[in-house]
Amino acid sequence: MPHGIPAHARLCSYCDGFPVVAITIIGVRRRDGSRITLRVTCPACRGTGIRTARRREVSRV
């Protein structure tokens, strides 16, 4: 059985694994009476919910 990175270690620390949220705007409705809902994605993981490893840039002098 392959041993990878545990699931709890891969979650995005910015959104805790909830990369897309729905926000309902209060007080604003469409003509048919339904509410307007916005979908917002996590800017850190770009909507995946999984943290990616960042590459370190090494400056050589």
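Buried means under 20% relative accessible area, exposed means over 50%, and partly exposed lies in between, with a 1.4 Å probe and protein chains only as cover. The model is predicted, so local features need pLDDT of at least 70 and side-chain atom pairs count only at pLDDT 80 or more, while totals for chains, interfaces and linings use all residues. Residues are numbered from 1 along each chain as its sequence is written, and side-chain values use heavy atoms, with hydrogens and water left out.

**View 1. Overall fold of the predicted protein.** Helices (H or I, at least four residues) and strands (E, at least two) are DSSP runs, numbered from the N terminus. Of the 61 residues, 10% are buried. The accessible surface is about 6,200 Å², and carbon and sulfur atoms account for 54% of that area. Accessible areas come from the Shrake-Rupley method with a 1.4 Å probe; for residues, only the protein chains shown count as cover. Contact means heavy atoms within 4.5 Å. Among contacts between residues at least 6 apart in sequence, 48% join residues at least 24 apart.

View 2. Thr24 has Thr37 of β2 as its bridge partner, and Arg29 has Arg35 of β2. Five residues lie between the strands of the hairpin, and Gly33 in the turn has a positive phi of about 100°.

**View 3. A nonpolar patch on the surface.** Val21, Ile23, Leu38 and Val40 make up the patch, with about 290 Å² of accessible area together. Patches are made of residues with over 30% relative accessible area and no salt bridge, joining like charges within 9 Å and nonpolar side chains (Val, Leu, Ile, Met, Phe, Trp, Tyr) within 5 Å. A salt bridge is a side-chain nitrogen of Lys or Arg within 4 Å of a carboxyl oxygen of Asp or Glu. β1 (20-29) and β2 (35-41) each supply at least two residues of the patch. Val21 belongs to β1 and is partly exposed, at 38% relative accessible area.

**View 4. Cysteines without a disulfide.** The whole structure contains zero disulfides, a disulfide being a pair of cysteine sulfur atoms within 2.5 Å. For Cys12, the closest cysteine sulfur is that of Cys15, at 3.8 Å, too far for a bond. For Cys45, the closest is that of Cys42, at 3.7 Å, also too far for a bond. Both residues are buried, Cys12 at 5% relative accessibility and Cys45 at 9%.

**View 5. Surroundings of Cys12.** Cys12 sits in the loop between α1 (7-10) and β1. Cys12 and Cys45 are 33 residues apart in sequence, and their C-alpha atoms are 6.5 Å apart. Leaving aside neighbours within four places in sequence, Cys12 is in contact with Gly17, Cys42, Ala44, Cys45, Gly49, Ile50 and Arg51.

Methods:
Two strands pair if DSSP finds at least two bridges between them.
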